Structure formats: structure tokens, C-alpha cells
Amino acid sequence: MELIFSLLFLLSAFGMGHGRVRGRQICNVDCSNKMAPVCGSDGIIYTSTCDLKRLNCGQGVFVVDPAKCERSRGASCKHRCANTYDPVCGSDGRTYLNRCILRVEECRVEELRRSVSCACAPASTSLCDMRMRTCNQNVVPTSHAHCQTTKRCDDVCPYSYKPVCGSDSRIYNSKCQMKVKNCGRHIFETPMVHCRPQERTTGGCPISCEAVPHDPVCGSNGRLYDSECDMERLNCGLGGAGRVFPVSLEKCRKKMDSCERIQCPFTLDPVCGTDSTTYVNYCHLHKATCKKGVELAHYGECPDMSIRENCDAECQDQESTYPVCGSDGNVYKSTCDMHKRTCGQKVVAVALHHCEATKHCVLECRGDNVAVCGSDNKMYRNKCEMKTKNCGQHVYEVPLKQCLSGFHFLSCLRFCPKTFEPVCGTDGKTYSNECFLKMENCRARSLGRSFVNRIYHGKCGYPQPQPKLYMFR
């Protein structure tokens, strides 16, 4: 009898040990390639069922109805999503890191519904897209700091509440938060009235003051406004201690005199201010900054915030004289291509000199014949010609030998003697003999460069006196 109990004990012990082995195998399963968000019984959103089991092995957490992971049901919207880069586009026009992160946002915002189409995503949302659109231009990824819509992506925002209204009609805690949350998108600050529809409907905040005559008003915040309407529009929704009201104009007299000293030309290069006003150029915006604290929203004219863009419009293949420079700092094939790729971001066409790849497009090249080699392996008469002929493309100067490596100058070939009778040229180089110097001059003529003349016989730095011929009568 004792033998039977001993055998049963050993078998049960073996079975239990085997279960633990199997448990460890389940815990260590690879879930890296699975992306199907689920709601756990602990109220946390997981990347997939596999991830839920792996992260909660033996703790009794299981998959429940997705509705239980919604803010309206009391969920906290906590998550344990992976950092896998697999972008998806939400119906709010934003691109999310992956489906799991989008699911977290769905938990927070009930109106948001998942969409796997990334038509709303900004240009170059992936390395593949960048390479496809800049094929043969040797464009490489660089730091966020070098691009207009990404230079604030890595900012660490201090905890402060200075609400701003974004061009996407959302209110953000601060300008820093608006930029970081919209990394890669052209979202800029606009007057608060565009984010407070209830104020617009009750008439508390004017949308536009264009028809109101210019009648300067000094605000209680020490700023000088164009009119009382302008003051109410730019301070919409501020109540209590933050409310701005008119005070005596004399309190702003010093500011008025100081700002009026700023003399601005009327050269047309429009810029848009954070007050949704288009200024003639940056100097006029600087004057408005002096008066009422307006900052630069973006280059180009201010878009009409009331117009809803048609993101489904198709572009016709129309040839354009020059590419289009967008207010987001990117270059596009045409205006239609710009609107389609940035739909919902209020990107407008700006002067060509505001984009790196188009700022040399309309230069008038002088007759300098200093040949350069482009990164496209083509020779150009000078750097200016290289830039203008490649308007909108990433072509830059490379060492001349890169272009000459496949260029044989057939017409300049000579059978030069092997004798070493060195001569020094005006380019500071030593040639084996006069024949090689003439060959170099032939190449210089082909490239449009200045000729090389002989300074003296001998190696450069070691002139050799030549015998003189004296004639007697």
C-alpha cells in the first residue's frame, strides 16, 4: 500500500514539474510579429492576446469585451503597447505609431474610429516613402532638428498651462505640447476663437475684424490692439483674473511710440501671424509682435480656417515650371500634390526661397566658368547652374574626380614622350614635360576653366635655369 502511495506521489510531482515547464514555454513565446490590440480583464490594453498571456503568465488575466477598455465605462486607458513602428491613420487625421497606440486613443476619445488608410499622413512618414520620392538624389535620414515640422519633436515640455488653439481646432496646454503631439505635421497656433465654437455662436468672440476701422485700443495686459474687436478676438474665452479689457490709451503710449519707430519696406513676401492675419513681410509681423505679442505661425498667406479640404481630389499630370514650396518646408510636384499629401494641415504655397531644395531656382547665374561636379555625376559650368537646373531636387557639389572618372577627353589624348623634363604650372602642379601641360590645357578648355601656363622649368619650388642663346654679329 505504501508503495502505491509513493508511486502516486512521484507521478503527481512529475506532472506538476512538467506543468511548470510548459508554463515557462508559454511565458517565453515570441509575440513580436503580432499586432491585434485586446482589452485585458485587468483593464489594460495589450498589443495582442499573445502579449497579454506573456506579460501576465500565471496571473489569471484574460481577454474581455473591448468595450470594457473605454473611458465611458470607467477604464483608465492604461496600456502595455509595444513600440513597434507600424503607422496607422486615425479618423482624426493623425498618424499613430501602431494599432495598439491608436486603440489607446480610441479609449480616450469615443468619437475616434480606427482607420488603416494613411492618406492623411504627412509627406515622408517612412524611410521607404522618402527613398521613393527622392530616388537617385542620395537623400538620407537626418536629425529631427533639421526639418521644420520635426525640429520640436524631441522637446521636453515643462508643466504649465498656457492654452493655445491649434490649426486642427484642438486646445493644447501649451505651444510646446502642440508641437510635440503633432510631430511631423504642419499644425500652428491660431486665435482661440477657432477652438471655441460656443463662443462664436453666442457672439462673444468675433471671428474677423476686417470690416472694423483701425482704432487703437490699449488692453489691460499692456498690449496695443488695432481695435476693441481685435482685442476681444485674440483674448477669446479668458475670464476671471485673465480677462482682458480696455484701459486708457496713455498706458500704452510708450509701447506705441517704440513700435512706430520700426520702419518696414513693402517688399512682398507674405507671412502668417498667430492672430491669423497675413502680413506683407516678416518686418511688418515684427512690428505687430512689438505691439500685441503676435508671433510667426508660418510663411505664406494665412489659410481660411472655415474651409474644409477635399482629401479625395485627384491630381492631373500637369507640367509645372517649378516645383511648389510648401509652408511646412517641404517641396511638392504641384499645388495639387501639396494639398493631397498634407490634406487637413492647412499647408499653403510660399516663395521658393523658403525651401532648401528650391531657394536657388530663380537665380540669375553669372558667366563664371568654374566647373563643378554634381552628386548626379554630371558636369556643370558653375555651382549656380547646377542648382538652377536641378530646381526642387537634392543635388549638391562633390569632388571633381567623381565626374572625371568616367570622362576620357578623347579629343585631348596625346602621345607624350616619357622623358622627364618637369615644368611648373600656374596651378601649382608639376608636369612631367610640356606635352602633359598642353594636355591639361585641352581638358581645361573642355571644362570651361582657365588655362594653365608654365611658370618655369623644373619642379614647383625648384626652378632650373635654362641655357641662353647669344647671337653675335
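Accessible areas were computed by the Shrake-Rupley method with a 1.4 Å probe, and for residues only the protein chains shown count as cover. On this basis the protein chain exposes about 29900 Å², of which carbon and sulfur atoms supply 53%. The structure is a predicted model, in which local features need pLDDT of at least 70 and side-chain atom pairs count only at pLDDT 80 or more, whereas totals for chains, interfaces and linings use all residues. Residues are numbered from 1 along each chain as its sequence is written, and side-chain values use heavy atoms, with hydrogens and water left out.

The protein chain holds 13 helices and 24 strands, where helices (H or I, at least four residues) and strands (E, at least two) are DSSP runs numbered from the N terminus. Of its 473 residues, 36% are buried, a term that denotes under 20% relative accessible area, with exposed meaning over 50% and partly exposed lying in between (1.4 Å probe, protein chains only). With contact defined as heavy atoms within 4.5 Å, 51% of the contacts between residues at least 6 apart in sequence join residues at least 24 apart.

Helix 9 spans residues 282–292, and its buried residues are His284, Leu285, Lys287, Ala288, Lys291 and Lys292. These residues cover an arc of only 155° around the axis, which puts them on the same side of helix 9; the arc is that of the directions from the helix axis to the C-beta atoms. Their cover includes helix 7 (228–234) and helix 8 (253–260), together with strand 11 (224–225), strand 13 (271–273), strand 14 (278–279) and strand 15 (296–299). At the start of helix 9, a side-chain oxygen of asparagine 281 comes to within 3.1 Å of the backbone nitrogen of cysteine 283, while glycine 293, with a positive phi near 75°, follows the helix.

Threonine 342 is located in the loop between helix 10 (335–341) and strand 18 (349–350), and is buried, its relative accessible area being 1%. A polar atom of the threonine 342 side chain lies 2.6 Å from the backbone oxygen of methionine 338. When neighbours within four places in sequence are left aside, threonine 342 is in contact with Asp328, Tyr332 and Val347.

An open sheet of three strands shows the order 23-22-24 with antiparallel pairing; two strands are taken to pair if DSSP finds at least two bridges between them. Strand 23 (430–431) and strand 24 (454–457) stand at the edges with a single partner strand each, so that one side of each is left without a neighbour in the sheet. Strand 22 (residues 423–425) is joined to strand 23 by two bridges in an antiparallel arrangement, and cysteine 424 stands opposite threonine 430 in strand 23.

Definitions and conventions: Polar contact = N/O pair within 3.5 Å; in protein donor to acceptor, adjacent residues only side chain to side chain.
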